[in-house]
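Please look over the sequence and the structure shown here before reading on.

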Amino acid sequence: MMNIFTKREGLVLRESFSSIQTPHSTSNVLWIDLLHPSPAEVSYISQIFHLDIPTKEEREEIEQSARYWEDSESITINTYFLVSLFAGTNKKDLHNETVTFLLCKDILFTIRYGEFRTFDEIQNKVLASPKNFQNGYDILSKIFEIRVEQDADMLENTAKDTRALRSGVFGNQFGYDELLENLSRLQELNMRIRDSLFDKRRAITALLKTDKADIEVKKNLTIVLKDLNSLVEFTTVNMNALDNIQSLFSSQINIEQNKTIKIFTVATVGFMPPTLIASIYGMNFDVMPELHWEWGYPFTLCLMVISTMIPILYFKKKKWL
């Protein structure tokens, strides 16, 4: 699907095409958004505007160091946007989806294979405030600004879940399996957000060095870059908090294991005296004073009980139990 935004008489108009169609005019095009484009659509736009647009397979093979490149006429950026694995649900399983931004002759081309709330918001802003978007660079800087704000919201939610998980460790609100699952999920989510932030920071830093963007765009991108740096520090704080939860969880398991070992140790020590008594009277010697004694059996049982209670009372007195 293609959404084409064109400037006409001070307004920005949107045309949506579900198949290959030529825009009414290519001279006033501001932004072309390709959503789930077919190879034929990508090839068609490449021919009309004389561009080298990477296919979905080519984008996945791009190395980290080559996710931004620039020539005399165009700038190509491949960057991560977080998207839910379960669209339309409340599940928090996210993965990084690559979005391609291509700037050529002040026109922005976006190629994406996922639904993003960021693009819905920016499209509404472009249509509602056309004076704020004179070229594709204005749109791109606003996309990064909106996306970083959404990443910040996700980080805040992650931090909130982290605090709840920490409280659950001390309050025994989670079972071991559930706690480990939540801990692993939050760690993975935090790392994915961090990867996405790093990728955007790399792209914005490169954009600030280009001479194709004007001063106002660079000022806005500088502010976005500062926000990105603070969010990266926030992810570090979150990771440290999650590592601390993991250490607390390990310590809690060790304490409970020590309690169990203590119980078995006390039980072992407690049964040692009666075991010794039983062993003594279990010997088969002909001459044993208590062998033919009428009260020998109950006396031995009482002696075994007393020898068991004495160590237990001693441990309680020492507060080892």
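Is Ile280 buried, partly exposed or exposed?

The model discussed here is a predicted one. Ile280 belongs to helix α6. With a relative accessible area of 38%, Ile280 is partly exposed, because the partly exposed class lies between the limits of under 20% for buried and over 50% for exposed.

The greatest share comes from α6, which supplies three residues.

Strand β3 spans residues 29–35. The strand is mostly covered, since seven of its seven residues are buried.

β3 pairs with strand β1 (residues 2–8) in the antiparallel sense, through five bridges. Within β3, Ile32 stands opposite Ile4. β3 also pairs with strand β7 (residues 107–112), here in the parallel sense and again over five bridges. Trp31 has Leu108 in β7 as its bridge partner.

## The surroundings of Asp33

Asp33 is placed in strand β3. Its relative accessible area is 0%, so Asp33 is buried. Which side chains make polar contacts with the side chain of Asp33? One is the side chain of Arg112, at 2.6 Å. Another is the side chain of Gln123, joined to that of Asp33 by a polar contact of 3.1 Å.

When residues up to four places away in sequence are not counted, Asp33 touches Met1, Met2, Asn3, Thr110, Arg112, Phe119 and Gln123.

## Thr162 in helix α4

Thr162 is found in helix α4, which comprises residues 136–171. Is Thr162 buried or exposed? Its relative accessibility is 4%, and Thr162 therefore counts as buried, the limit for that class being under 20%.

Apart from its neighbours within four places in sequence, Thr162 is in contact with Leu186, Ala241, Leu242 and Ile245.

Notes: Residues numbered from 1 in each chain as written. Predicted model: local features only at pLDDT ≥ 70, side-chain atom pairs only at ≥ 80, totals over all residues. Heavy atoms only, no water. Helix = DSSP H or I, 4+ residues; strand = E, 2+ residues; numbered from the N terminus. Buried < 20%, exposed > 50% of the residue type's maximum accessible area, 1.4 Å probe, protein only. Polar contact = N/O pair within 3.5 Å; in protein donor to acceptor, adjacent residues only side chain to side chain. Contact = heavy atoms within 4.5 Å. Pairing = 2+ DSSP bridges.
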